[in-house]
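Q: Hi! I've got this one open on my screen and would like to talk it through. Can you help me find my way around?

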Amino acid sequence: MTSIAKLYGLVLSGGKSTRMGSDKGLIEYHGVPQREYLYDLLSEVCDETFISLREEQQSELPSRVQTIVDLNEYKGPYNGLLSAHKKYPDAAWLVLACDLPLMNKEALQQLILERNTSKQATAFALSANPLPEPLCAIWEPHALVNSAAYLDEGNGSCPRKYLINSATELVFPKNEAVLLNANSEQEYQEALEKLGIN
């Protein structure tokens with residue numbers, strides 16, 4: 001099945017950030033909250049862009065930002081992803097976790113250029129550990145339909161496990177540093193160092 005779906009961007013920022021101890025989407029690496037930085041990046045390469053969040057986070061965002069409130073029908077990252085799919089079922093989604101401080105436009109353009117619409121998803125991966133990064137990936141509409149069925153059958157709530165067991169196009173970013181996840185204080189400091197921020 002080949003998808004010719006429009007490409008929408010989605011920043012996942014509805015998590016509780018328990019390991020970091022504060023909301024990762026609000027950390028400023030580039031002079032604005034990280035979720036807004038990623039929103040603006042996605043807006044440059046996608047047809048429409050949204051931030052996925054919990055209802056109580058809505059008031060924290062400027063009015064220019066389009067949002068999708070999590071429906072809380074699924075656990076983990078699938079909560080935001082499938083809430084977005086339910087609202088716009090015909091769209092493919094370029095999904096980014098809000099904890100990717102080194103992500104840049106060049107990497108997103110590479111991912112889009114290498115998109116394989118006949119697969120379930122096109123996902124970034126590290127060459128040393130070639131597993132799909134589900135929260136730095138393009139999910140085709142048929143993958144999200146299949147994901148909902150997969151979850152409803154009780155297969156767990158891990159999107160990476162779904163992509164590992166599905167037809168997924170792997171893309172190896174030219175600059176692998178873009179996949180640094182800042183989930184802890186140590187990773188936060190590492191991101192600051194790589195960005196040249198003291």
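Q: How many residues of β1 are buried?
A: Six of its six residues are buried, so the strand is mostly covered, with buried meaning under 20% relative accessible area. Keep in mind that this is a predicted model.

Q: Which residues sit on each side of β1?
A: Leu-7, Gly-9 and Val-11 lie on one side, and Tyr-8, Leu-10 and Leu-12 on the other. Side chains alternate between the two faces of the sheet in a regular strand.

Q: Which strands does β1 pair with?
A: β1 pairs with β4 in the parallel sense over six bridges. Five bridges also join β1 to β2 (residues 48-53), again running parallel.

Q: What are the bridge partners there?
A: Leu-7 has Ala-92 as its partner in β4, and Leu-10 stands opposite Phe-50 in β2.

Q: Switching topic, how far does helix α4 reach?
A: Helix α4 (residues 141-152) reaches 17 Å from its first C-alpha to its last, close to the 16 Å expected.

Q: And what do its buried residues pack against?
A: They pack against α2, β4, β6 and α5. Among the buried residues of α4 are Pro-141, Leu-144, Tyr-150 and Leu-151.

Q: What comes after α4?
A: Gly-154 follows α4, and its phi is positive, near 85 degrees.

Terms used
Residues numbered from 1 in each chain as written. Predicted model: local features only at pLDDT ≥ 70, side-chain atom pairs only at ≥ 80, totals over all residues. Heavy atoms only, no water. Helix = DSSP H or I, 4+ residues; strand = E, 2+ residues; numbered from the N terminus. Expected span 1.5 Å × (residues − 1). Buried < 20%, exposed > 50% of the residue type's maximum accessible area, 1.4 Å probe, protein only. Contact = heavy atoms within 4.5 Å. Pairing = 2+ DSSP bridges.
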